[in-house]
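Good morning, and thank you for coming.

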Amino acid sequence: MADKESFKTIAENRKARHDYFILESYEAGIELVGTEVKSIRRGGVNLKDSWCSIEDGELFVRDMHISPYDHGNVFNRDPMRMRKLLLHKRQINTLFGKVKTEGLTLIPISMYFKGSRVKVQVGLCKGKKLHDKRDDLAARAAKRDIERALKDRNRD
């Protein structure tokens, strides 16, 4: 039996961390069909260009690609279909208010198994400008150079 608190990361959206400042994150369940879960277990998920929208008080993820299951035949669904995310109504209303008033965006950051259930981490994000991305790259390069220098120094 799977441990209730075990986490196994399925997919990460690295592009989201590059293009956005993540202000808050929420854990949401996702509504899937059986063949999609089997495909997810095989790692057939791409979150790269996915985003979330709120319609009629419900949260949906769009443009998330889940590859069709090889042995699924007639039970396979459209790989790019809109999927419902499961959050409490109060959380959805809070997110809706922030998205409308502050101009923020909802982006799926990662997908993982929590126990036997599939969860999606949704981030409330603000877009980065070009100079912000350059600053991040420069900081990462400086950190890498420092670590390399320390490693060389310890070797001597």
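**Salt bridges, sheet and cavity**

Glu27 has a relative accessibility of 34% and therefore counts as partly exposed, where buried means under 20% relative accessible area, exposed over 50%, and partly exposed in between, with a 1.4 Å probe and protein chains only.

Before I go further, a word on conventions. This is a predicted model, in which local features need pLDDT of at least 70 and side-chain atom pairs count only at pLDDT 80 or more, while totals for chains, interfaces and linings use all residues. Residues are numbered from 1 along each chain as its sequence is written, and side-chain values use heavy atoms, with hydrogens and water left out.

Which residue does Glu27 meet in a salt bridge? The partner is Lys114, at 3.3 Å from N to O; a salt bridge here is a side-chain nitrogen of Lys or Arg within 4 Å of a carboxyl oxygen of Asp or Glu. This pair links distant parts of the chain, with Lys114 in strand S8 (residues 105–114) and Glu27 in strand S2 (residues 20–30), 87 residues apart. Helices (H or I, at least four residues) and strands (E, at least two) are DSSP runs, numbered from the N terminus. Lys114 is also partly exposed, at 22% relative accessibility.

A second salt bridge joins the side chains of Arg81 and Glu36, at 2.8 Å from N to O. Arg81 lies in the loop between strand S6 (65–66) and strand S7 (83–86) and Glu36 in helix H2 (residues 34–41), so the pair ties together parts that are 45 residues apart in sequence. Are these two residues buried or exposed? Both Arg81 and Glu36 are buried.

Over the whole structure, the search finds 10 salt bridges.

I turn now to the sheet. An open sheet of 7 strands runs in the order S1-S8-S9-S2-S7-S5-S4, with antiparallel pairing; two strands pair if DSSP finds at least two bridges between them. At its edges are strand S1 (7–12) and strand S4 (51–55), each pairing on one side only. S2 and strand S9 (residues 117–127) pair in the antiparallel sense over 9 bridges, and Phe21 stands opposite Lys126 in S9. S4 and strand S5 (residues 58–62) pair in the antiparallel sense over 5 bridges, and the bridge partner of Ile54 is Leu59 in S5. S4 and S5 form a hairpin with 2 residues between them, and Asp56 in the turn has a positive phi of about 55 degrees.

How much space lies in the largest cavity? The figure is about 50 Å³. On a 1 Å grid over the protein atoms alone, a cavity is a set of points where a 1.4 Å probe fits but cannot get out, and lining residues have an atom within 4 Å of a point. The residues lining the largest cavity include Glu36, Tyr69, Asp78 and Arg83. H2 gives the most to this lining, with 3 residues.

Thank you; I welcome your comments.

Terms used: On a 1 Å grid over the protein atoms alone, a cavity is a set of points where a 1.4 Å probe fits but cannot get out, and a pocket is an open set with protein on both sides within 12 Å along at least five of seven lines; lining residues have an atom within 4 Å of a point. Grid points are joined across faces, edges and corners, and a volume is the space filled by probe spheres set on the points.
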